[in-house]
Amino acid sequence: AFADDTTIARLVAQRIDAAALLQKNDSWSAFDALGDLFKPGPTGTNVNDFRAILVQ
């Protein structure tokens, strides 16, 4: 996810209780509501995807 100096203000503006989500270890819901999630590619992980083509 991406966070900056506007994150808390935007959560407050959307009436999202950041402290309650933090208590539940649920950062996903907060960042998803803000549209600030980093959503990786096909593997579903945040590591580099590797593709190879063998030409003979």
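The largest pocket is lined by T7, I8, L11, A18, L21, L22, N25, D26, S27, A30 and F31. On a 1 Å grid over the protein atoms alone, a pocket is an open set of points with protein on both sides within 12 Å along at least five of seven lines, while a cavity is a set where a 1.4 Å probe fits but cannot get out; lining residues have an atom within 4 Å of a point. The space in the largest pocket is about 160 Å³, where volume means the space filled by probe spheres set on the points, with grid points joined across faces, edges and corners.

Before going on, the ground rules. This is a predicted model, in which local features need pLDDT of at least 70 and side-chain atom pairs count only at pLDDT 80 or more, whereas totals for chains, interfaces and linings use all residues. Residues are numbered from 1 along each chain as its sequence is written, and side-chain values use heavy atoms, with hydrogens and water left out.

Which elements give two or more residues to the lining of the largest pocket? Helices here are DSSP runs of H or I with at least four residues, strands are runs of E with at least two, and both are numbered from the N terminus. By residue type, the lining divides into seven nonpolar, three polar and one charged; Ala, Val, Leu, Ile, Met, Phe, Trp, Tyr, Cys and Pro count as nonpolar, Asp, Glu, Lys and Arg as charged, and the others, Gly among them, as polar.

The chain has three helices and zero strands, in the order α-α-α. It has 56 residues, of which 16% count as buried. Buried means under 20% relative accessible area, exposed over 50%, and partly exposed in between, with a 1.4 Å probe and protein chains only.

In α3 the buried residues are A30, F31 and L34. They cover an arc of only 90 degrees around the axis, so they sit on the same side of α3; the arc is that of the directions from the helix axis to the C-beta atoms. Their cover includes α1 and α2. After α3 comes G35, with a positive phi near 75 degrees.

Now the loops. Between α1 and α2 lies R15, a residue other than glycine with a positive phi near 60 degrees. R15 is exposed, at 79% relative accessibility. I16 is in the loop between α1 and α2 as well, and touches L11, L21 and A33, leaving aside residues up to four places away in sequence. Contact means heavy atoms within 4.5 Å. In the loop between α2 and α3 is N25, also not a glycine, with a positive phi of about 55 degrees. N25 is exposed, with a relative accessible area of 72%.

Last, the rings. How many aromatic pairs does the structure hold? One. F2 and F38 have ring centres 6.2 Å apart and planes at 90 degrees, so the pair is edge-to-face. Rings of Phe, Tyr and Trp (its six-membered ring) pair if their centres lie within 6.5 Å, and planes under 30 degrees apart count as stacked, over 60 as edge-to-face and the rest as tilted. The pair links distant parts of the chain, 36 residues apart: F2 in the segment before α1 (7-13) and F38 in the segment after α3 (27-34). F2 is exposed at 52%, and F38 is partly exposed at 44%.
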